[in-house]
Amino acid sequence: MSNIQSVLSENRVFPVNPEFTKQANIKSEQEYQQMVADASNNYSGYWANLARQYIDWKAPFSKSLNDSNPPFYTWFEDGKLNVSYNCLDRHVANNPHKTAIIFESDAGHIETVTYKELLTKVSRFANGLKSLGIVKGDRVIIYMPNSIEAIVAMQACARIGAIHSVVFGGFSAKAIHERIHDAQAKLVITSDAQKRGGKIFPLNQDVKEALSLPGCESVEKVVIHRRTGEKVEWDNKRDIWWHDVIKNQSDECEPEWVEAEHPLFILYTSGSTGTPKGVQHASGGYLLGAITTMKWVFDIKDDDIYWSTADVGWITGHTYLCYGPLAVGATQIVFEGIPTFPAADRFWRMIETHKVTIFYTAPTAIRALIKLGGDLPNNFDLSSLRLLGSVGEPINPEAWMWYYETIGKSKCPIVDTWWQTETGSHILAPIPGITALTPGSCTRSIPGIFVDIVDEAGNLVTDNNGGYLVIKKPFPSQIRTIWNNPERFIKAYYPEDIANGKYYVAGDSASRDTMGYYHILGRIDDVLNVSGHRLGTMEIESALVAHPGVAEAAVVGRPHDIKGESIVAFVVCKGQLPTGSEKDFLINELREWVAKEIGALAKPDEIRFGENLPKTRSGKIMRRLLRSLAKGEAITQDISTLENPHILDQLK
Ligand code: WT7
């Protein structure tokens, strides 16, 4: 709440830097307003023009938006393209020796690839995938660290029309298993291990464990990239080395020309109910969102050195690492490690070394780095920077100010970008040459995206009041469906009880100030945002309840200075209320249990035990009471409907 209050009372406005405007891709408010007007007057034509301008099509499309079967919208459906062709071949034709990726490993080794070299790598690996029997439409799980090879693997899938599903390296074997099973994947691509912060994480072992669980029969082969040289427990029938897959393969691979709606990838994300949802993105519309926002929000230019610190396992690592920067022919940094290794100056050192011009990271990293050494950046030359970005969670005004002054030297605009796995690309974000900034606000919508704030009935919510953040028109880069579960797609994003299912409901609440700027207030569903990682409370609860000693569990978020939110679990055991050393033992065991079930990122920060949970007489858990208890607040809510008030004392 204190964060929300300070955001809402924020009244500092930072005007645009005229030097920036002079060179910007969008140079004036009139230009922005003209784009919005064009989109309002001819929505479908507006996006069609952009799609023709920015994408190389093998077969042109004649239809732009098809909204005949809402909410299953399609875009450019009779056009044919290949995303990897758009990311590689067309740049190789113009500027083959331009650097595509500067990779820096955890230990600090640097490896550079040009567009031509990257195309060769992608083509050889794509041919290798074909030799393993992978064809258009097959699902491929990728479980790899940030690396040139992870990008090669994703691009190679795109090249042959295979649908990748990247699993973040912090997820457990169980989580990999769940995704393999849901996607019915035919192939898994992994590394022997991953090095982060000097520590080794045996990725291949997690894959082995996942495949040993029932329900992975669809997997025919596992491709293993040798990254660290860690010993691999070899399975003769199933395993094949990456270097053997590419051996004797041709350097050329004709792209598979796919329909614009052909799924490019599935990325699993957490919702308020059930297992993670396989968010399915299409090829054409997704690519268009990536390209337009690279140009408009990141103001990308030919000579930029762009760096997004995101991991390929999340949507930011898809749109703003693997696809967007390559689609616009940029030079980018790909970093394997973490901001605090070998020391908390790693980011600033790398910005100096590589002369980074555009830097995109998450508020949680900024807050952690302020705490570990707020003046460390002053030891480095950060003068190459011209634009800063923030993503993943609301940025508190204090962190924003530090980022603006200490990193950006009060000359770099900060683009606070609000979007989601489901939106594929930025939705709310400043246009850096024209939008004055307010700390903590992601300002206005991307031209051509129509956002609003409404109540349940769909009525507009007026200035400074909170409501549901909705997107009123279908847009090219949006989620097409939940893999294999169209009913769940409708329920989750076009729910009947909000505006009669007319609009895309983001799951966030927001308010709009008198300048027309949006302020994100947080999720309205049972989704937590822990260090920018999205987690469903239900998922963590299911993991806890799967433990043989647990009868019932409820999980809530508690505001946390660095992580944004921390995880507090209330647990009812099957036997007696645990006390003393037994309690400490169980807390530890349950935390490890959740790490095994989901991943270390989902470990509860605190676990409290009670004989029951606070419930209404009808048996519903009163979560708002649990939230107050977690925060240590006095209970001021009405507890007259509570069945078992004495429980509150136990859970304090
Ligand atoms: C949720 C989406 C978008 C890529 C990373 C997260 C929150 C995201 C912001 C921001 C306030 C933000 C929202 C959203 N969120 N960016 N700039 N300001 N909140 O993607 O895992 O799909 O999570 O992250 O709550 O719904 P994701």
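Guide: Two residues are said to be in contact when they have heavy atoms within 4.5 Å. The model is a predicted one. With that cut-off, and with residues up to four places away in sequence not counted, Asn 644 touches Asn 612, Leu 613, Pro 614 and Lys 615. Asn 644 itself is in the loop that runs between helix H19 (residues 623–631) and helix H20 (residues 647–651). Buried means under 20% relative accessible area; at 7%, Asn 644 therefore counts as buried.

Ala 499 is placed between helix H16 (486–493) and strand E24 (504–512). Its relative accessible area is 0%, so Ala 499 is buried. The backbone of Ala 499 has a positive phi of about 50 degrees, although the residue is not a glycine. Asn 248 also has a positive phi, near 60 degrees, and is likewise a residue other than glycine. It is found in the loop between helix H10 (242–246) and strand E13 (258–259). Exposed means over 50% relative accessible area, and Asn 248, with 74%, is therefore exposed. As background, most residues other than glycine have a negative phi, and most peptide bonds are trans.

Two peptide bonds in the model are cis. One joins Pro 70 and Pro 71, with omega about -5 degrees; Pro 71 lies in the loop from strand E1 (65–66) to strand E2 (74–75). Another joins Phe 341 and Pro 342, where omega is also about -5 degrees. Pro 342 belongs to the loop between strand E17 (331–335) and helix H13 (346–354).

Helix H5 covers residues 83–94, and its 12 residues should span 16 Å at 1.5 Å a residue; the end C-alpha atoms are 17 Å apart, which agrees. Nine of the 12 residues of H5 are buried, and the helix is mostly covered. Among these buried residues are Val 83, Ser 84, Asn 86, Cys 87 and Leu 88. At the start of the helix, a side-chain oxygen of Asn 82 comes within 2.9 Å of the backbone nitrogen of Ser 84.

Ala 158 sits in helix H7 (residues 148–160) and has a relative accessible area of 7%, so it is buried. Beyond residues up to four places away in sequence, Ala 158 touches Asn 82, Val 83, Ser 84, Leu 264 and Tyr 323. Between Ala 158 and Val 122 there are 36 residues of separation in sequence and 9.7 Å in space, C-alpha to C-alpha.

Next come the record annotations. An unreviewed UniProt entry assigns residues 88–474 to the feature "domain: AMP-dependent synthetase/ligase". Over that range the chain is 31% helix and 22% strand, with the end C-alpha atoms 29 Å apart. The UniProt entry, unreviewed, also lists Arg 196, Gly 197, Gly 198, Lys 199, Thr 316 and Ser 531 under "binding site". These listed residues span 336 residues in sequence, and the farthest two C-alpha atoms are 23.9 Å apart, so they do not all gather at one spot.

Two of the listed residues may be examined individually. Arg 196 is part of strand E9 (residues 194–196) and, at 28% relative accessibility, is partly exposed. Leaving aside neighbours within four places in sequence, Arg 196 contacts Asp 106, Phe 201, Glu 336, Gly 337 and Ile 338. Lys 199 is in strand E10 (residues 199–201); its relative accessibility is 56%, so it counts as exposed.

Residues lining the largest cavity include Trp 47, Gly 289, Thr 292, Thr 293, His 426, Phe 475 and Pro 476. Helix H11 (residues 283–296) gives the most to this lining, with three residues.

Methods. Residues are numbered from 1 along each chain as its sequence is written. This is a predicted model: local features need pLDDT of at least 70, side-chain atom pairs count only at pLDDT 80 or more; totals for chains, interfaces and linings use all residues. Side-chain values use heavy atoms; hydrogens and water are left out. UniProt positions are given in the numbering used here, feature names are shortened, and annotations may be inferred rather than shown by experiment. Helices (H or I, at least four residues) and strands (E, at least two) are DSSP runs, numbered from the N terminus. Buried means under 20% relative accessible area, exposed over 50%, partly exposed in between (1.4 Å probe, protein chains only). The expected span of a helix is 1.5 Å times one less than its number of residues. A polar contact is a pair of N or O atoms within 3.5 Å; within protein, one must be able to donate a hydrogen and the other to accept it, and residues adjacent in sequence count only if both atoms are side-chain atoms. On a 1 Å grid over the protein atoms alone, a cavity is a set of points where a 1.4 Å probe fits but cannot get out, and a pocket is an open set with protein on both sides within 12 Å along at least five of seven lines; lining residues have an atom within 4 Å of a point.
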